Amino acid sequence: MSGTSRTRPSGSGTPLNEAYDTALLDLDGVVYAGGAAIDHAVAALGTARDGGMHLAYVTNNALRTPAAVARHLTELGVPAEPGDVITSAQAVARLVADQLPAGARVLVVGGEGLHVALRERGLTPVESADDDPVAVVQGYGGPELAWGRFAEASYAINRGLPWFASNTDRTIPSARGIAPGNGAAVEVVRIATGAEPQVAGKPLPPMHRETVLRTGAERPLVVGDRLDTDIEGAFNGGVDSLLVLTGVTDAAQLVTAVPEHRPTYIDADLRGLLTGQPEVTADGEGFGCGGWTARAAGGRLVLEGGGDALDGLRALCAAAWTHAGDGACGLDAAKAVARLGL
């Protein structure tokens, strides 16, 4: 199942934690950044959980094990069990195990999370291209991952071995800013080999499959900060999504989003789980939300009115997405976005 083209953010008269049974939460840029909890995340998640919403943590970061992630969340004040955490390491391990015999030797370029996930699927991690692997699996290994690991992967892939990647996020948020992610490392190996990996992580179907299998969610809401992984993954899975502005996506990127990157709901942070969402209404030639009206005119987006900046962003998105149809909005939005101060 896949999503349909969205022309405006949706409204909800019911708080989202009541409208959906499970929140499929991204971690980096949503719950924490650089190891520290993002403002309001702990309290909001606690209230959502106490109200009966199941919280599942879905991350493309393959470095840490689910147990390690759960411990970190618990230390931050968000009680979690290993079974509440779904990683791209688990998704790629299932993808590999579906194609290789039990006990197969796999060359691993990545961290502990990937090694553990492969062993759980009955596969044997090895460290060298000379250890007779039958496949290569690559996942985020953190800033200390040695350059020589990319060489080992390249040697094996150039011998004709199949190549799998946990995910291809080019960046990852950190306490000091935006750092290279696994996608940047995958590009190194791609350049050296000319090969293309099979990818498991968001936004691709293997990750959605892994999440559904492990959570049993019936009315899931994907919550994320990235358009090209979290929101596109929700689109590909045919489920609703909430985009929070605590990570890599800003207002200008939302306005120019293509259909598969358009979230169902937009909010500042995880407090958006606990509230309804305002309706965006057609208003003559434009769109209104709260005290704002947005429209396309003279080759640019025009924003008028005032009030909550998020309402203005919702109205702007409606005007831009409607004008763009199945593409990206090419109208000049700089002045309108600047008015919001987001």
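These legends walk through several close-up views of one predicted protein model.

A few notes on reading them come first. Residues are numbered from 1 along each chain as its sequence is written, and side-chain values use heavy atoms, with hydrogens and water left out. Because the model is predicted, local features need pLDDT of at least 70 and side-chain atom pairs count only at pLDDT 80 or more, while totals for chains, interfaces and linings use all residues.

**View 1**
Helices (H or I, at least four residues) and strands (E, at least two) are DSSP runs, numbered from the N terminus. Along the principal axes, the C-alpha atoms fill a box of roughly 65 × 45 × 40 Å. The radius of gyration is 21 Å, which agrees with the value near 20 Å that a compact globule of 342 residues would have. That radius is taken over C-alpha atoms, and the globule rule is 2.2 Å times the number of residues to the power 0.38. Of the 342 residues, 54% are buried. Here, buried means under 20% relative accessible area, exposed means over 50%, and partly exposed lies in between (1.4 Å probe, protein chains only). Among contacts (heavy atoms within 4.5 Å) between residues at least 6 apart in sequence, 71% join residues at least 24 apart.

**View 2. The surface and the charges of the protein.**
Accessible areas come from the Shrake-Rupley method with a 1.4 Å probe; for residues, only the protein chains shown count as cover. There are 26 positive and 40 negative side chains, and the centres of the two sets lie 2 Å apart. Lys and Arg count as positive and Asp and Glu as negative, while His and the chain ends are not counted. The place of a charge is taken as NZ of Lys, CZ of Arg, CG of Asp or CD of Glu.

**View 3. Glutamate 187 and its salt bridges with arginine 170 and arginine 190.**
The structure holds 15 salt bridges, each a side-chain nitrogen of Lys or Arg within 4 Å of a carboxyl oxygen of Asp or Glu. Between glutamate 187 and arginine 170, the closest N and O atoms are 3.8 Å apart. Glutamate 187 sits in helix α7 (residues 182–193) and arginine 170 in the loop between β9 (163–165) and β10 (171–174), so this pair ties together parts that are 17 residues apart in sequence. For glutamate 187 and arginine 190, the closest N and O atoms are 2.0 Å apart. These two residues are three apart in helix α7, which separates them by about one helical turn. Glutamate 187 is partly exposed at 24% relative accessibility, arginine 190 is partly exposed at 21%, and arginine 170 is exposed at 56%.

**View 4. A salt bridge between arginine 314 and aspartate 311.**
The N to O distance in this pair is 2.8 Å. Both residues belong to helix α11 (residues 309–324), where they stand three residues apart, about one turn of the helix. Arginine 314 and aspartate 311 are both buried. Elsewhere, salt bridges that share partners join Arg170, Glu187, Arg190 and Glu196 into one network.

**View 5. Helix α6 (residues 148–158) and the elements it packs against.**
Its buried residues are Arg149, Phe150, Glu152, Ala153, Ser154, Ala156 and Ile157. They pack against β6 (105–109), β8 (135–138), β9 and α7. Just after α6 comes glycine 160, with a positive phi of about 105 degrees.

**View 6. Helix α2 (residues 41–50) and its buried residues.**
Ala41, Ala44, Leu45, Gly46 and Ala48 are buried in this helix. The buried residues of α2 pack against α1 (16–19), β1 (22–25) and β4 (54–59). Glycine 52 follows α2 and has a positive phi, near 105 degrees.

**View 7. Leucine 331, in the loop between α11 and α12 (334–340).**
Leucine 331 counts as buried, at 14% relative accessibility. Leaving aside residues up to four places away in sequence, leucine 331 touches Ala296, Gly299, Arg300, Leu301 and His323. Leucine 331 and alanine 297 are 34 residues apart in sequence, with their C-alpha atoms 8.9 Å apart in space.

**View 8. Threonine 229, in helix α9 (residues 227–237).**
With 4% relative accessibility, threonine 229 counts as buried. Not counting residues up to four places away in sequence, threonine 229 touches Asn60, Asp169, Lys202 and Pro203.
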